[in-house]
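Here is a briefing on salt bridges, a surface patch and helix packing. Please look over the sequence and the structure first.

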Amino acid sequence: MSAISRPAHYGFAEHWLPRLVLAPSFLLVLVFLYGFIAWNGALSFTASRLLPNYEWVGLAQYEALFASERWWVAVHNLFIFGVLFIGGAMVVGIVLAILLDQKVRAEGTLRTIYLYPLALSFIVTGTAWGWMLNPGLGLEKLMHDWGYAGFSFDWLVNPDRSIYTIVIAGIWQSSGFVMALFLAGLRGIDDSIIKAAQIDGAGLPRIYWRIVLPAMRPVFFSTLMILTHIAIKSFDLVMALTGGGPGFSSDLPATFMYQMAFTRGQMGLGAASAMMMLLTVSAIVVPYLYSELRRSRHV
Amino acid sequence: MSRPWRSVLYAVLIIAALYYLLPLYVMLSTSLKTMDEIRAGNLLSLPGAISFDAWRKAWGTACTGIECSGLSGYFWNSVRMVIPAVLISTALGALNGYVLSKWRFRGSELAFAMLLFGLYIPFQVLLLPMAQTLGWFGLARSMFGLVFVHVVCGIAGTTLFFRNFYVGIPDELIKAARLDGAGFWRIFVRIVLPMSLPILMVTLIWQFTQIWNDFLFGLVFSSGESQPITVGLNNLANTSTSVKEYNVNMAAALIAALPTIAVYVLAGKYFVRGLSAGAVKG
């Protein structure tokens, strides 16, 4: 699909130049992304521990992975975190976008405030929330000072609750991002459709539910993709907020992979867990990208 | 909308704003308190006498593991890392975007699809081979290695930004220039580049934020002399064995956040555009 018809003087240099210009990037990506994926895949079939060792062990690392309690805790946590983080950020972001869309005064200021957490690193976010949620001096002490003597909030150090503190900080960090995308989407919707519906006597909630939100399906899907991607590769936030603890109760696959590959000398197992992460992302992203690319070709 | 409803609307919006501002307020006020004041007061109490001791300590003398020279070294490491990484990945993105939108050839669509998928790869699959490769070339734990990793992983995003922007430049413009005898480079320098300012800003700011905020690569591929600020902050906040100095931790968190907050405040418009450009693929 060549966009430009070729003039008569289309020379040798012009024919090869574009290829030459793209080549360095293409080679970097081919070798360092795709080549490394293959290499990591190969490592996951070997007995590598502290050092790579190319003794082929078949699926033994995957069997060890699936037999590991710690891995299943990480997967289970990813499920809890993923559902609550994606769902929470979506709901908060969409609600804020719709409210801001009501010709609000000081909209610019509010938008800036809602979105700034996204400029911060997860390490900063985790450090800040770690201080606020810490039992003793943080939120707990604040509530005691306000007269709620019995208030206790120990999620950060409670193995059954620690994963939820990561959800709280994650939603705080990313919901403004959903708000920004949806607000941009809402601004793209033709006002006359809404006016027409209002003339027909439809209330505002009904208009949003039946007309506006359905029209935002593409925004919804791309936001979902990005949040899913953030959730699966979440590493920084866990490291800064709980360090995966107490014990390994707030591990996610990303922190599991790091621990196995770089601190516990289980390289083969780490490589296998990374492959599982890649497969999960691919299962979600490949069909999405495929449909996006097809769509853009038809437009 | 009726008047009472509008009051509810504003109330909800303002409460939401307070929720987003709370951590920033807590970080700032805590960083200005003494430890005695922190123990005596609570999260929301204002500092009695403003003290910058915690900031001074976070910058110059706080311990990050066995080193006790604060975050200043890490901060400058991040600066030295982010500038070349952002410039190189942006320059490559501009060239790739130009080729992929205006000089398509057989196979260029496939190249683009391969780049696009690169955006979604969980970097965990690259860590082990990359660590090995950098080791072979003697680049493990060096600033050069870190910059290289950021460039490789940044190409996909920057290419997408520029490609999507350049698709909007009319092909007729390029055709007319070619009829006048302008070649590949001349068209790029004289016509395409001068129109690129908006997307250039978006890409520079987006890459700056991403690379400044990176933790994973910094943790795995650097040590001592080359560790970035996020690693320094995490070491300071999470590995100190003695009594935790929350005021110093909060000052450190703000130091790590200042450059990206500054960029966001000064060029928020471009930051938001980067978001949307990054979100709408294809």
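Helix axes are lines fitted to C-alpha atoms over the stretch in contact, and angles run from 0 to 180 degrees between N-to-C directions. This is a predicted model: local features need pLDDT of at least 70, side-chain atom pairs count only at pLDDT 80 or more, and totals for chains, interfaces and linings use all residues. Residues are numbered from 1 along each chain as its sequence is written, chains are lettered from A in the order in which they are written, and side-chain values use heavy atoms, without hydrogens and water.

**Helix packing in chain B**

- Two packed helices are described by the angle between their axes and the distance between the axes.
- In chain B, α4(B) packs against helix α10 (residues 197-213) at an angle of about 140°, and their axes are 9 Å apart.
- That angle makes α4(B) oblique to α10(B). Angles under 35 degrees count as roughly parallel, over 145 as roughly antiparallel, 65 to 115 as roughly perpendicular and the rest as oblique.
- The crossing of α4(B) and α10(B) is right-handed. In a right-handed crossing the near helix is turned clockwise from the far one by less than a right angle; anticlockwise is left-handed.

**Chain B overall**

- Chain B has 13 helices and zero strands. Helices (H or I, at least four residues) and strands (E, at least two) are DSSP runs, numbered from the N terminus.
- The C-alpha atoms of chain B fill a box of roughly 75 × 70 × 30 Å along the principal axes.
- Chain B has 282 residues, and 58% of them count as buried. Buried means under 20% relative accessible area, exposed over 50%, and partly exposed in between (1.4 Å probe, protein chains only).

**Salt bridges**

- Over all chains, the whole structure holds eight salt bridges. A salt bridge is a side-chain nitrogen of Lys or Arg within 4 Å of a carboxyl oxygen of Asp or Glu.
- Arg187(A) and Asp101(A) form one of them, at 3.1 Å from N to O. This pair links distant parts of chain A, 86 residues apart: Arg187(A) is in helix α7 (residues 162-187), and Asp101(A) is in the loop between α3 (69-100) and α4 (107-115).
- Arg187(A) is partly exposed, at 43% relative accessibility. Asp101(A) is buried, at 17%.
- Glu107(A) bridges to Arg111(A) at 2.9 Å, N to O. Both residues sit in helix α4 of chain A, four residues apart, about one turn of the helix.
- Glu107(A) is buried at 14% relative accessibility, while Arg111(A) is partly exposed at 36%.
- In chain B, Lys102(B) and Asp171(B) pair at 2.8 Å, N to O. They link distant parts of the chain, 69 residues apart: Lys102(B) is in helix α4 (residues 72-102), Asp171(B) in helix α8 (residues 171-179).
- Lys102(B) counts as buried because its relative accessibility is 3%.
- Back in chain A, salt bridges that share partners join Asp101(A), Glu107(A), Arg111(A) and Arg187(A) into one network.

**Surface of chain A**

- Phe12(A), Trp16(A) and Leu20(A) form a nonpolar surface patch with about 390 Å² of accessible area together. Patches take residues with over 30% relative accessible area and no salt bridge: like charges are joined within 9 Å, nonpolar side chains (Val, Leu, Ile, Met, Phe, Trp, Tyr) within 5 Å. Accessible areas come from the Shrake-Rupley method with a 1.4 Å probe; for residues, only the protein chains shown count as cover.
- Phe12(A) lies in helix α1 (residues 12-43) of chain A and is exposed at 66% relative accessibility.
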